[in-house]
Amino acid sequence: MSTQSNAMPESPVESQVIAPAVISATRRMYWSVRRELWENRSIYIAPLAVAALILFGFLISTIHLPDKMRAALALDPAKQHELIEQPYSFAALLIMGTTFIVAVFYCLDALHGERRDRSILFWKSLPVSDLTTVLSKASIPLVVLPLLTFAITVVTQWIMLLLSTVVLLMSGVSVATLWTHLPLFQMWLMLLYHLLAIHALWYAPIFGWLLLVSGWARRAAFLWAALPLLAIGVVEKIAFNTSHFAAMLGHRLSGGPEGVGFTAGSMSMDPLTQLTPGQFLISPGLWVGLAVTAAFLAVAVRLRRYQGPI
Amino acid sequence: MACIGARGLRKAFGTTIALDGVDLHVEEGRIVGLIGPNGAGKTTALNAIIGLTQYQGELKVLGRDPWTARDQLMRDVCFIADVAVLPRWIRVSQALDYVAGVHPRFDRAKAEGFLAKTSIRRASKVRELSKGMVAQLHLALVMAIDAKLLVLDEPTLGLDILYRKQFYDSLLNDYFDRSRTIVVTTHQVEEVQHVLTDLMFINRGCIVFDCSMEEFESRYLEVMVHPEHIDAARALKPIHERQGLGRSILLFDDVDRNQLAALGEVRTPSIADLFVAVMGNQAGQAQGAAR
């Protein structure tokens, strides 16, 4: 504003009169993310709906809860633990699965929808760079959804515990077993770690790839995202009779080094020992994945500059 | 400094040449009408100016290169690239919030003021508004931005005559002042004739005609020639001749008004008539050239 407006006749006076408020990059980012939430309400409606369903189902199941608790008392502690914890882990898994699916479909539409409905012509008329736009869209699966999943799961599990406690108290069964065998804080810590390590960092290249495809494909973004990967695997198999690419994809999707421990080991007596953040942070898979993500996003930014409405 | 300066602007889509060396110069404070037939390169030229398309050649808008610095340029430039490009899911209040959130020169109170004159409700979604109301909303957003350059590409396409008239009236009365520049393309040339200060015709990727409206009014005269004077009139080399109401209407470039008055009724031609004459002559000159 300063250099070029001063060069213009008459405008120095004007630019002093109307000193435009400077809008920081953070503020533009904030509004761009809010914009995404306005447009894609499924980001929070879908996990909330699933949470409501879980609570509804759980409420019905509390009819048998006193009997279940009495039966559990007869079991050995490890079994007790498993039995009590199971619905809580299941709820977390269900909400997590939902937000993952939401994230995939969000990414596939993020840079495609605005071109399809021509609204890109409106967004581009505002002083928001393509970089800010792409980063705000990438922040939905990488930041917003993991944190939202965490918050919704915590509240859901807390309500579940509250419901159980009330039901048990009313039926005169001791709540001590329930409370001692439900390490909620530990579970929440693990959940948060899992969401940040796997869903945000480890899965980042998947979301980066989906965003890239949504910025490039003119139609059928889902096919364009999936078929090339399939084709690479098939060509590799035919040409070299190997399946390194497929193995790599499988490794990525299964959650890598941390994911195996989390899903297969489920929730054993001391799950916190399964967490190896140090090992995760030095694993080359993580950093290669993040570098690939950065490359994918850079291409998506470039694509957004070149692409117009379709 | 010129608001827009272009030299040798070229753009090709495959083998189709959309811009074939456009030289363009727009001074601050003008309202320029860019008129041309379909496929002449109007939209491509405007898209290059607002950083939506890449180009070859030299182009500076407010001293910036629009392709590489679109986001900075958009602090001082505003555009309506097409009718109904506002996202259909957005609420009117959200649109106001968002533009206020990202645009340093947006005056929310002003936008609210414009909207108060319409029947648009704050809680409505764009998909619930009529096409005319969407255009009103977009114009309200754009007029509340204190921009130096406003680019309008067919901003009233498909709107009924009331909305079209209102659109240009509010643009002139509530928005335009001598420090702003507006570039507009439209097919409804007769509606912008009284609005423009400058006129440009574009055809096959080139600017084929460029003059100010004052020059236009003093240079070009249209005469409804009395049948007995037709030969004398034709001797003055009209640039175009057509028939209307049983009389010959001849268009002259730079011929003395008094001389013409002797031949029939003299009046200022419409932009449309001049456009037809210039484009007709172009076609004549480029006989056989592929369109």
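**Reading the two chains**

A: Of the 310 residues of chain A, 29% count as buried; a residue is buried if 20 or more other C-beta atoms, placed from the backbone, lie within 10 Å of its own, exposed if 12 or fewer, and partly exposed in between. This is a predicted model, in which local features need pLDDT of at least 70 and side-chain atom pairs count only at pLDDT 80 or more, while totals for chains, interfaces and linings use all residues. Residues are numbered from 1 along each chain as its sequence is written, and chains are lettered from A and ligands numbered from 1 in the order in which they are written.

Q: How many helices and strands does chain A have?

A: Helices (H or I, at least four residues) and strands (E, at least two) are DSSP runs, numbered from the N terminus. Chain A has 17 helices and zero strands.

Q: How many residues of chain A are in contact with chain B?

A: Two residues are in contact if their C-beta atoms, placed from the backbone, lie within 7 Å. By that criterion, 30 residues of chain A touch 30 residues of chain B. On the chain A side, α2 (11-17), α3 (25-39) and α8 (120-123) are the elements that give two or more residues. The most come from α3(A), with six residues.

Q: Is strand β3 of chain B mostly covered or uncovered?

A: Strand β3 (residues 31-35) of chain B is mostly covered, with five of its five residues buried. I31(B), G33(B) and I35(B) point one way, V32(B) and L34(B) the other.

Q: Which strands does β3(B) pair with?

A: Two strands pair if DSSP finds at least two bridges between them. β3(B) pairs in the parallel sense with β7 (residues 181-185) of chain B over four bridges, and I31(B) stands opposite I182(B) there. Four bridges also join β3(B) to β8 (residues 198-203) of chain B, again running parallel; in β8(B), F201(B) is the bridge partner of I35(B).

Q: In what order do the four strands of the open antiparallel sheet in chain B lie?

A: The order is β11-β12-β10-β13 (chain B). Because β11 (240-244) and β13 (264-267) of chain B stand at the edges, each with a single partner strand, one side of each is left without a neighbour in the sheet. Within the sheet, β10 (residues 220-225) and β12 (residues 247-253) of chain B pair in the antiparallel sense over six bridges, and E222(B) stands opposite L251(B) in β12(B).
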